[in-house]
Amino acid sequence: MPFGIAFAGGGVRGAAHVGVLLALEEQGLLPAAVAGTSAGGLVAGLYAAGLPPAGMRQIIGELSRNADSLADPDLKGILLMIPNLLAKRGCANCSGLLKGDRMEEYMCRLTGGIALREVPMRVVIPAVDLISSHTVAFTNSLFGLRPMPSVRWYTNARLCDAMRATASLPGIFRPKRIGDMFLVDGGIADVLPVDLLIASGCLNVLAVDVSDRYRMPKRIDLPSVIFHSLGIMETRLRECMTRGERFLLTPALPETTGVLALGEMPACMEAGYAAAQQVMPQLRSLFQ
């Protein structure tokens, strides 16, 4: 039975999604459609581009050993931010601690710079436009889509542009600019995009949520404050939303895993694999 899979955002905890895909692949359960927000959007994008779960596992290993490889601090913006704020002046270049250019280049390299319209399977990756306040749902085709309030379906971009946009955690990464849009993390409006995947025509959905059960670490820093604050907001939003998945998988992840602690990604991946293996009989009955 064809099915789709929706991946939640959650920083490095999103590595659990790769573990879930590895477990599903072992059983021959291959999703026909994928959707993802933030870190989940990165995994969804890589899968839609044809990268197998084993390749993603290799990437996780490389990133965990080279945690600083994607960091590109916006030093000029950081230095200008405080004096501009004190002087009550605008600061156009102070929109994030990290530029996000290295991450975007890396994702474009992994996906071959493929245009969304060339992606061979249904993919949905949401971001939020700060100008209109609407969700921008990046997808590969407008065929069969159901209109949704405050949602703009969008195909005119590269897949890696969508991935960069959905992972633009406010305050950490600069917003991604596409046309007249300033795009930030899709989790602001929809951390687990089951509803968007269903609206795209995929009615049989497995949801994987890694965004909950996060505890503030003892050592508090700016990324932790931002991530934990958004996490609380996203949890409250989920309580008010109706999604419609057939099965919700919630891997048991370390509660103190930091948003940018890339060294903890392999442990999160293994937790995702174990969670999927534990409920595999149910998954087989629902999705095979």
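1. Packing of α1 on α9. In this predicted model, helix α1 (residues 16-26) packs against helix α9 (residues 265-278) at an angle of about 40°, and their axes are 6 Å apart. That angle makes α1 oblique to α9. The crossing of the two helices is right-handed.

2. Residues in the α1/α9 contact. On the α1 side the contact is made by A16, V18, G19, V20, L22, A23 and E26. On the α9 side the partners are C268, M269, G272, Y273, A276 and Q277. Sorted by class, the contact of α1 with α9 has 9 nonpolar, 3 polar and 1 charged residues.

3. Packing of α3 on α9. Helix α9 also meets helix α3 (residues 53-65); the axes of this pair come within 9 Å and cross at roughly 150°. Because angles over 145 degrees count as roughly antiparallel, α3 is roughly antiparallel to α9. R57, I60, L63 and S64 in α3 touch M265, P266 and M269 in α9. This contact divides into 5 nonpolar, 1 polar and 1 charged residues. M269 is listed in the contact with α1 and again in the contact with α3.

4. V43 and its surroundings. V43 lies in helix α2. With a relative accessible area of 7%, V43 is buried. Leaving aside neighbours within four places in sequence, V43 is in contact with F7, G14, H17, V18, L21 and M56. For V18, the C-alpha separation from V43 is 7.1 Å, although the two are 25 residues apart along the chain. V18 is also one of the α1 residues that meet α9.

5. Nonpolar cores. The largest nonpolar core has 71 residues, and those with the most contacts inside it are F138, L249 and L283. Helix α1 gives the most to this core, with 7 residues. Apart from this core lies another, of 20 residues, among them A33, A35, L196 and L197.

6. Contacts of F138. Not counting residues up to four places away in sequence, F138 touches L116, V123, V124, I125, A127, Y154, A157, A162, A165, I178 and L183. Two of these, A162 and A165, are buried residues of helix α6.

7. Burial of α6. How many residues of helix α6 (residues 159-166) are buried? The count is 8 of 8, and the helix is described as mostly covered. The buried residues are L159, C160, D161, A162, M163, R164, A165 and T166. D161 and R164, which count as charged by class, are therefore on the buried list along with the others.

8. Positive phi at S38. Most residues other than glycine have a negative phi. S38 has a phi near 55°, a positive value in a residue other than glycine. S38 is found in the loop between β2 (33-36) and α2 (39-48). At 11% relative accessibility, S38 counts as buried, because the cut-off for that class is under 20%.

9. Positive phi at S150. The phi of S150 is near 60°, again positive in a residue other than glycine. S150 sits in the loop between β5 (135-139) and β6 (151-154). Is S150 buried or partly exposed? With a relative accessible area of 45%, S150 is partly exposed, whereas S38 is buried.

Definitions and conventions. Residues are numbered from 1 along each chain as its sequence is written. This is a predicted model: local features need pLDDT of at least 70, side-chain atom pairs count only at pLDDT 80 or more; totals for chains, interfaces and linings use all residues. Side-chain values use heavy atoms; hydrogens and water are left out. Axes are lines fitted to C-alpha atoms, for helices over the stretch in contact, and angles run from 0 to 180 degrees between N-to-C directions. Helices (H or I, at least four residues) and strands (E, at least two) are DSSP runs, numbered from the N terminus. Angles under 35 degrees count as roughly parallel, over 145 as roughly antiparallel, 65 to 115 as roughly perpendicular and the rest as oblique. A crossing is left-handed if the near helix is turned anticlockwise from the far one by less than a right angle, and right-handed if clockwise. Contact means heavy atoms within 4.5 Å. Buried means under 20% relative accessible area, exposed over 50%, partly exposed in between (1.4 Å probe, protein chains only). A nonpolar core is a set of buried Ala, Val, Leu, Ile, Met, Phe, Trp, Tyr and Cys residues joined through side-chain atoms within 4.5 Å.
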